[in-house]
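Here are a few notes from going through the model.

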Amino acid sequence: MLNSESDLVQLVQHDKWMMDIMHTVKSLDLPDWWICAGFVRSKVWDVLHGFDERSTLPDIDVIYYDDINIGEEREKQLEDRLNELALNLPWSVKNQARMHIRNNASAYTSSVDAMAKFPETATAIGMKLDDQDGLVIAAPHGIEDLINLDVKPTPYFLEDKDRLKIYEERVSKKNWPLIWHRLKVHQISP
């Protein structure tokens with residue numbers, strides 16, 4: 001059963017595939033890096049649904065924060081490097097120091113600040129390896145919604161009707177309950 005962050009850490013520590021990915025990304029030595037969103041969320045939902053096989057991930061979201069080099073071409077170079085290190089994985093690398101521009105938001109101050117402004121609380125979670133290869137979790141809204149199978153908008157998306165509309169469209173398009181039937185998707189009309 002998953003009840004705490006330490007349970008989540010143990011879950012990932014016992015998943016060789018996930019740990020190999022963690023070590024691969026750590027080898028890039030990126031500033032303020034995290035593997036987030038579906039990488040963590042899908043693992044938890046799979047376990048809580050009793051799946052024997054891992055659900056397919058559309059991408060592996062790697063984020064970092066580098067306000068010195070915010071060019072998108074750097075992200076593509078990093079994706080290419082990850083593909084050299086671990087072929088056949090759907091890498092997505094994004095520098096959160098520039099993503100506020102794409103998201104029409106105020107500048108983010110860190111990767112965790114950017115995560116706090118993801119659409120869903122259950123997706124606003126990341127993990128990385130520290131200097132001693134210990135797993136670290138960033139969960140700006142906690143892990144309760146994730147482990148309780150609740151899909152809710154983050155406070156950032158709740159505070160603005162246009163963002164709330166984006167949340168509604170996103171959860172409709174993703175249609176996660178098709179895979180994870182026990183999810184409770186909270187619809188909040190703007």
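**Core, pocket and one buried glutamine**

1. Start with Ile35: leaving aside residues up to four places away in sequence, Ile35 touches Ile21, Met22, Val25, Val40, Ile60, Asp61, Val62, Ile125, Gly126 and Met127. Keep in mind that this is a predicted model.

2. Ile35 belongs to the largest nonpolar core, which has 55 residues. Along with Leu8, Phe39, Val44, Trp45, Trp91 and Met127, Ile35 is one of those touching the most other members. Apart from that core lies another, of eight residues, including Trp34, Cys36, Ile63 and Ala138.

3. Now the open space. The largest pocket holds about 970 Å³. It is lined by 37 residues, and Arg102, Asn103, Phe118, Pro119 and Arg170 are the closest to its centre. By class, that lining has 18 nonpolar, eight polar and eleven charged residues.

4. Which elements build the pocket lining, with at least two residues each? Helices H3 (38-48), H5 (96-102), H8 (155-158) and H9 (161-174) do, together with strands E2 (60-64) and E3 (91-95). H9 gives the largest share, five residues.

5. Worth a click: Gln96, in helix H5. Is Gln96 buried or exposed? Its relative accessible area is 5%, under the 20% cut-off, so Gln96 counts as buried. A polar atom of the Gln96 side chain lies 3.3 Å from the backbone oxygen of Lys94. Again not counting residues up to four places away in sequence, Gln96 touches Ile63, Tyr64, Tyr65, Tyr108, Ser111 and Ala114. Of these, Ile63 is also listed in the eight-residue core.

Conventions:
Residues numbered from 1 in each chain as written. Predicted model: local features only at pLDDT ≥ 70, side-chain atom pairs only at ≥ 80, totals over all residues. Heavy atoms only, no water. 1 Å grid on protein atoms, 1.4 Å probe; cavity = no way out; pocket = protein on both sides within 12 Å on 5 of 7 lines; lining within 4 Å. Points joined across faces, edges and corners; volume = space filled by probe spheres on them. Helix = DSSP H or I, 4+ residues; strand = E, 2+ residues; numbered from the N terminus. Nonpolar A, V, L, I, M, F, W, Y, C, P; charged D, E, K, R; others polar. Core = buried A, V, L, I, M, F, W, Y, C linked by side-chain atoms within 4.5 Å. Buried < 20%, exposed > 50% of the residue type's maximum accessible area, 1.4 Å probe, protein only. Contact = heavy atoms within 4.5 Å. Polar contact = N/O pair within 3.5 Å; in protein donor to acceptor, adjacent residues only side chain to side chain.
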